[in-house]
Amino acid sequence: MTAVTTTATRPTRRRHSRAGSACLVYGGLTLWLIFSVLPLLMLLAASLNRTAVFRSPIDLLLLRDFSLENFTQALVRGDFLFFFTNSLIISTAAVVISLIVCVPLSYGITKIGGRQKAIVSFSVLAMRFIPYVVLALPLFLLFINLGLSGSRIGLLLAHLSIHIPFATWMMVGFFDTVPKELEEAAIVDGCSPWRLFWNISLPVVRSGVIALAILLFIMSWNEYLFALFLAGQDAQPLTVGITRFLGGVEAGAQYGVIAAYAVLVVAPVVLFALVANRFIISGMTAGAVKG
């Protein structure tokens, strides 16, 4: 009788142990989620309160001094549409040009056989190892001699200098996942090199191209160092425009307006990522090999 009771209690103990482990895991994930989301909630709450400096976090979250005045000042006094246009043009152009250059380039690198492929891939990636601040001054001097100092084109070229090595290295990894059997079957059927790239390999890595485009867009949208050094008054993006509310020695920083400006800067990227996420998931679930 005792043996039967002991045997019966073992599954119960295991279930309790699994339930306890699951509670610990979900509890830890919940705390991490709160820790990750809380700064964004505080930012949004600060933007919706008239005074955001000398208020407690609870007062901010409860919106006890609710006002939309911060957004009005950010949009009007901050020339938001002007800086938004610069950011949108530069970020979109950087993504489009990077993909046009990097997708065929990375596909060609995957066709290099032997050790040369590893050398070329590492050489491309090594260009990404250079810190941005090291490139800022040489690019500034180069753009002065070329007449591109302070222009959108100069800032765009600076973005491309850091995007192209990174995007090429990423796309090489995506093209390496294309099944060799798929390409060999297409070659046997008489597929030309261009059709092999455009109709066979590129559709397989479509989800990777979309993910890379999103990543490059976010990198360009949030870039600050090159914008600070290389952008003139007519080419400054949103990351520089927000600094006009930092104030100086006499006038303090307008934290509520800065929070509202930051919300307006982050919102387009978040919405863009949420919309594009559907296409990434659909591309991944469609399968790697298409018949």
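Tutor: Start with a term: a residue is buried when its relative accessible area is under 20%, exposed when it is over 50%, and partly exposed in between, using a 1.4 Å probe and protein chains only. This is a predicted model, so local features need pLDDT of at least 70 and side-chain atom pairs need 80 or more, while totals for chains, interfaces and linings use all residues. Residues are numbered from 1 along each chain as its sequence is written, and side-chain values use heavy atoms, without hydrogens or water.

Now the whole chain. The protein chain has 291 residues, and 36% of them count as buried. It has 13 helices and zero strands. Here a helix is a DSSP run of H or I with at least four residues, a strand is a run of E with at least two, and numbering starts at the N terminus.

The part to look at is the meeting of α5 and α7. Helix α5 covers residues 115-126, and helix α7 covers residues 152-175. Their axes come within 8 Å and cross at roughly 145°. The axes are lines fitted to C-alpha atoms over the stretch in contact, and the angle, from 0 to 180 degrees, is taken between N-to-C directions. The crossing of α5 past α7 is left-handed. That word applies when the near helix is turned anticlockwise from the far one by less than a right angle; clockwise would be right-handed.

Who touches whom? From α5 come S121, V124 and L125, and from α7 come P165, T168, W169 and V172. Contact means heavy atoms within 4.5 Å. By class, five of these residues are nonpolar, two are polar and none is charged. Nonpolar covers Ala, Val, Leu, Ile, Met, Phe, Trp, Tyr, Cys and Pro; charged covers Asp, Glu, Lys and Arg; the others, Gly among them, are polar.

Stay in α5 for one more residue. F122 also lies in this helix. F122 is exposed, because its relative accessibility is 52%. F122 and P165 are 43 residues apart in sequence, yet their C-alpha atoms are 9.9 Å apart in space.

Now place this part in the record. The unreviewed UniProt entry lists "transmembrane region" at six ranges, including 119-144 and 156-175. Such positions use the numbering here, feature names are shortened, and annotations may be inferred rather than shown by experiment. Residues 119-144 are 81% helix and 0% strand, with end C-alpha atoms 34 Å apart.

S220 sits in α10, residues 206-222. S220 is buried, because its relative accessibility is 5%. Beyond four places in sequence, S220 touches S91, A94, H159 and H163.

L264 belongs to α13, residues 255-285. With 18% relative accessibility, L264 is buried. Leaving aside neighbours within four places, L264 contacts F71, A74, L75 and F80. L264 and F80 are 184 residues apart along the chain, but their C-alpha atoms are separated by 8.6 Å. Across the chain, 70% of contacts between residues at least 6 apart in sequence join residues at least 24 apart.

N199 is in α9, residues 193-204. N199 is partly exposed, at 41% relative accessibility. From A186, N199 is 13 residues away in sequence and 9.7 Å away, C-alpha to C-alpha.

Last, two cysteines. C102 is buried, because its relative accessibility is 0%. C23 is exposed, at 55%. The structure holds zero disulfides, a disulfide being a pair of cysteine sulfur atoms within 2.5 Å.
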